[in-house]
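Here's a quick tour for anyone who wants to get oriented before setting up calculations. Load the coordinates, keep the sequence handy, and follow along.

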Amino acid sequence: MPYDIVVCVKQVPDTANITAEAMKEDGTVNRAALPAIFNPEDLNALEAALEIRDRYGGTVTAISMGPPKAAEVLRDCLYRGADRVILITDRRAAASDTLATSYILAQTIRTIGRFDIVLCGRQAIDGDTAQVGPQIAEKLGIPQVTYLEKIDCIENGTARVRRNVGRGWEVVEVKLPVLFTVIGGANQPRPPAAKKVMRYKRARIPAEIEAEVKASLGQVSDEELLDAVERRKQELARQGLL
Amino acid sequence: MIAPNRQGEVWVFAEQEDGSLHDVVLELCGKARQLADVLKVPVGAVLPGHQIRPLASKLIAHGADRVYVVEDSRLAHFQTIPYARVLCTLIEKYRPQIVLYGATPLGRDLAPRVASAIQAGMTADCTDLQISDVTDPKTKEVHRNLLLQIRPAFGGNIIATIVNYDRWPQMATVREGVMPLLPPNPSRNGEIIDEKVEIDESLLALRLIERHIEPRKVNLKSARVIVAGGGGVGSKEDFRLIHELAGAIGGAVGASRAAVDSGFIGKEHQIGQTGTTVRPALYIAAGISGAVQHRAGMEESAKIIAINIDPNAPIFSIAHYGIVGDLKKVIPMMIKALRERRR
Ligand SMILES: Cc1cc2nc3c(=O)[nH]c(=O)nc-3n(C[C@H](O)[C@H](O)[C@H](O)COP(=O)(O)OP(=O)(O)OC[C@H]3O[C@@H](n4cnc5c(N)ncnc54)[C@H](O)[C@@H]3O)c2cc1C
Ligand SMILES: Cc1cc2nc3c(=O)[nH]c(=O)nc-3n(C[C@H](O)[C@H](O)[C@H](O)COP(=O)(O)OP(=O)(O)OC[C@H]3O[C@@H](n4cnc5c(N)ncnc54)[C@H](O)[C@@H]3O)c2cc1C
């Protein structure tokens, strides 16, 4: 039976490789000085999603909330095999705590419509809270299984999975729909596929199109700019890259 | 949403497994006691499970004034949704001002679910908690007696202080082993309150098939910062200083064999040839001479700070920074400086 799967991915500063230059005088971090990367455990969540789809059929939709730059991790999802990606970007969401973040992500998932399985990484390496997954599950009114290590099988609407419990593991059965948070080491994330990179590297979100068209045209009237942006959007949409 | 309640109790979620309480719960009872004494309110412990009533007296001996026991065979094994239902029901009924959970795998699974359901704030993985007045930088309004929730974030590279003005209760998960485990006082009095929470079949979403648990270990290996105490700390009471410093900078607690042999702390915290080998970003050795067997377990640390009263102690030969002085004076000064810097 095919499953519709949603995976939540976050772009994060590379906190594992912080250099002295990235630390400010007052002890805070200069985010701009840090490379932005795909949150490591979200790659494991994506891989788990792709494995389920490859085994049972279905779709994988990756969603992310962040600034326009976060489109980078979504393109990466396309390179690795996601069917569809969605970016939620809005200045008002900038200083969200986990309650707000999980609300926005849960509402997005509801808007998408059908979902059988939602996957998150266990934890993002910047906020380090591991709260967003359980909070999305609560908001969607579905059960959660945290620290997923392995999916044994999914049959008759029930998943049998192994989860880590700190000092050991347990195998549990849970009815779909369900949310899993996946730990690093659960699987080996597949690399981007060259063919998909060729195809999707030109995929753009609207904010990126505007910025690119602006840069290429230089000084033009607002009207001309809007026109050019619209043409570019239509062109990309025809190719399935918008 | 639950309105702030300044008379509310300070609560601890009493995590237990197969009839024994998790150590972090007893550490939290001691911390809750401290916070509650400042606020002049009682300490409550919420104890859900099956056949767990006997554990209530232990919670009282460690500082609880009231234990809310929720006895139900359906709570025998932890499951997120029914446990969250218990917490939400009791929080809505009693409106505590603070709720603390251990930052264990179970606590970090449960607490955010509860926070989401009652729309309260939730601070993850705290290493220090204090009560203080806080001025809202935007409105200049002064909020009296808030909980300062202090936690490492950004992969341990920064320490953040988080406060919660209005989305009450103020809730946090707290790391294991950073709050000192205070000796129990068996003569303390407390009240045991039986509570009933409706757990119907539909809340039981998970079915446990198989379980494999190993003996408890302290996770020193992955700690980025370790504060270790040695024989020079002198007593179990003073070893609290090591915990406090670790809490203030978001580190784990380590020990030399002399400290372990003197009973200041459990063997699982020992670092060295016959203990754990660690290589954190920062290692603070207080009252540790630096015997070769100890060094074997820590000399690969990126930065080492040694505090020792004896300028000729061998630990200084491998330390990047050395402080010659009495740790009972030096450590409180370090804690004070760290806390002031965060204000
Ligand atoms: C120093 C610091 C400390 C903080 N402390 C707290 C705190 O104690 N409590 C609190 O409520 N907030 C806190 N925050 C805010 C918190 O980091 C943000 O709300 C953030 O949006 C989500 O939390 P997280 O990074 O901890 O994610 P986690 O909860 O650790 O993330 C778990 C998983 O959720 C998914 N996910 C998370 N964010 C997104 C996203 N934007 N888009 C798509 N998927 C996502 C990913 O799959 C991720 O692996 C803190 C922030 C900072 C910078
Ligand atoms: C086979 C074997 C295996 C061993 N394995 C280990 C191991 O794994 N880990 C380990 O740690 N040890 C191990 N040891 C023990 C090791 O040899 C030392 O005995 C031990 O490390 C000493 O611990 P210490 O430095 O904390 O205590 P002490 O030797 O008692 O030294 C205390 C230090 O504190 C200082 N001091 C005293 N008061 C103060 C004060 N107020 N302020 C500041 N400083 C003060 C003193 O100057 C002194 O340097 C092993 C030994 C053997 C034989």
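## Around ligand 2

H6(B) hands over the largest share of the shell around ligand 2, three residues. Keep in mind that this is a predicted model. In total, 27 residues surround ligand 2, and the closest are Gly230(B), Gly231(B), Gly232(B), Ser256(B) and Gly272(B). Elements giving two or more residues to this shell are helix H6 (257–261), helix H7 (292–295), strand E17 (303–308) and helix H8 (327–342), each in chain B.

## Where the chains meet

Now over to the contact between chains. On one side, 37 residues of chain A take part, and they are in contact with 32 residues of chain B. Four elements of chain A each supply at least two residues to the side touching chain B: helix H3 (98–112), helix H4 (132–140), strand E7 (144–155) and strand E9 (168–175). E9(A) gives the most, with eight residues. Class by class, this side of chain A splits into 14 nonpolar, 13 polar and 10 charged residues.

In soluble globular proteins, nonpolar side chains tend to be buried together. Here, the largest nonpolar core has 101 residues, and Leu47(B) and Leu100(B) touch the most other members. At least three residues of this core come from each of domain 1 (10–125 + 166–203) and domain 2 (225–342) of chain B.

Leaving out residues up to four places away in sequence, Leu100(B) touches Trp11(B), Val12(B), Phe13(B), Leu28(B), Ala32(B), Ala172(B) and Val174(B). Another core, of 61 residues, lies apart from the largest one; among its members are Ile5(A), Val9(A), Met65(A) and Tyr200(A).

## Two domains in chain A

Chain A is split into domain 1 (3–199) and domain 2 (202–238). How far apart do the C-alpha centres of these two domains of chain A lie? They're 30 Å apart. The contact draws on six residues from domain 1 of chain A and four residues from domain 2 of chain A.

On the domain 1 side of that contact in chain A, helix H2 (residues 71–80) of chain A provides the largest share, three residues. By class, that side has four nonpolar, one polar and one charged residues.

Technical notes: Residues numbered from 1 in each chain as written. Chains lettered and ligands numbered in written order. Predicted model: local features only at pLDDT ≥ 70, side-chain atom pairs only at ≥ 80, totals over all residues. Contact = placed C-beta atoms within 7 Å. Nonpolar A, V, L, I, M, F, W, Y, C, P; charged D, E, K, R; others polar. Core = buried A, V, L, I, M, F, W, Y, C linked by C-beta atoms within 7 Å. Buried ≥ 20, exposed ≤ 12 C-beta atoms within 10 Å, placed from the backbone. Domains from an automatic or database assignment. Near = placed C-beta within 6 Å.
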